[in-house]
Amino acid sequence: MAIKVDFYILPEETPEKTLDESIRFTCRLTEKVFHKGYKVFIKTESQQQAEQVSKTLWTFRDVSFVPHNIFEENPLTPAPIQIGYLEDPREHHEVLINLTTEIPEYYNHFERVLEVIPTVHKQAGRKKYKSYEQQNCELTTHKI
C-alpha cells in the first residue's frame, strides 16, 4: 500500500515571518490530527526548532491542549505527540509532520507524511515531491 504524503504549501511571507508562520500552522495541523486520534511525530531541523514548536504548542490557542514532549528528552515515556530532531522515533508510526528540508530516511515507517513547506523552502519541497513520486507515494498538495 502506498504511503500518503500531503504537501502544505504556505503563502508567500517575508523570510523572517515565514518560519514563525510555518510553526503556527504546524501547531494547528498537529491539533487537528491529534483530535482525529492519531499519534504524531514532528521532525524538526534542530533542538532549537523542536523547543520552539513545543513552546508554541502550549501557547498557540488559549483553549487548546495538545499533549507533547521532545523525544530526545524523554524517549521512554512518549506523549501522543513527539517532537524530534535526531533519532528515528521507533514506535511512533502513524503520522509524520516533517519540518526539515530533507526526507527523513525512516519516513516509510509511517502511515502518512505531512510536509509543511514555507516559502523559503520551496525548492527543497519540489525536490522532496519528486523523490516521494519516485517512491510511488500517493501525493496531495494543499495551498494554504
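I count a residue as buried when its relative accessible area is under 20%, as exposed when it is over 50%, and as partly exposed in between, with a 1.4 Å probe and protein chains only. By that rule S22, at 5% relative accessibility, is buried.

**Ground rules.** The model is predicted, so I note that local features need pLDDT of at least 70, that side-chain atom pairs count only at pLDDT 80 or more, and that totals for chains, interfaces and linings use all residues. Residues are numbered from 1 along each chain as its sequence is written, and side-chain values use heavy atoms, with hydrogens and water left out.

**Fold.** I looked up the secondary structure and found three helices and seven strands. I took helices (H or I, at least four residues) and strands (E, at least two) as DSSP runs, numbered from the N terminus. The order along the sequence is β-α-β-α-β-β-β-β-α-β.

**Size.** The radius of gyration, taken over C-alpha atoms, is compared with a globule rule of 2.2 Å times the number of residues to the power 0.38. For 144 residues a compact globule would come near 15 Å, and the chain has 14 Å, which agrees. I also read the span of the C-alpha trace along its principal axes: about 35 × 35 × 25 Å.

Of the 144 residues, 47% are buried. I used contact to mean heavy atoms within 4.5 Å. Among contacts with a separation of 6 or more, 64% join residues 24 or more positions apart.

**Charges.** I counted Lys and Arg as positive and Asp and Glu as negative, leaving out His and the chain ends. Each charge is placed at NZ of Lys, CZ of Arg, CG of Asp or CD of Glu. The chain has 18 positive and 22 negative side chains, and the centres of the two sets are 6 Å apart.

**Cores.** I define a nonpolar core as a set of buried Ala, Val, Leu, Ile, Met, Phe, Trp, Tyr and Cys residues joined through side-chain atoms within 4.5 Å. The largest has 23 residues, and L29, I42, L57 and I97 have the most contacts inside it. Two or more of its residues come from each of α1 (15–35), β2 (40–43), α2 (47–59), β4 (81–84), β5 (95–98) and β6 (112–117). Helix α1 gives the most, five residues. Another core lies apart from that one and has 14 residues, including V5, I9, F71 and F110.

I then checked I42. Leaving out residues up to four places away in sequence, I42 touches T26, T30, V53, L57, I81, Q82, I83, G84, I97 and L99.

**S22.** I returned to S22, which sits in helix α1. With residues up to four places away left out, S22 touches L10, V116 and P118.

**Q48.** I found Q48 in helix α2. Q48 is exposed, at 62% relative accessibility. From Q48 to Y85, 37 residues apart along the chain, the C-alpha separation is 9.2 Å.

**P67.** P67 is in the loop between α2 and β3 (68–70). Its relative accessibility is 17%, so P67 counts as buried. Beyond residues up to four places away in sequence, P67 touches F34, A79, P80 and I81. I also took the C-alpha to C-alpha distance from P67 to V120: 29 Å, at 53 residues apart in sequence.

**N136.** I looked at the loop between α3 (122–134) and β7 (138–143), which holds N136. Phi of N136 is near 60°, a positive value in a residue other than glycine. Most residues other than glycine have a negative phi. N136 is exposed, at 61% relative accessibility.
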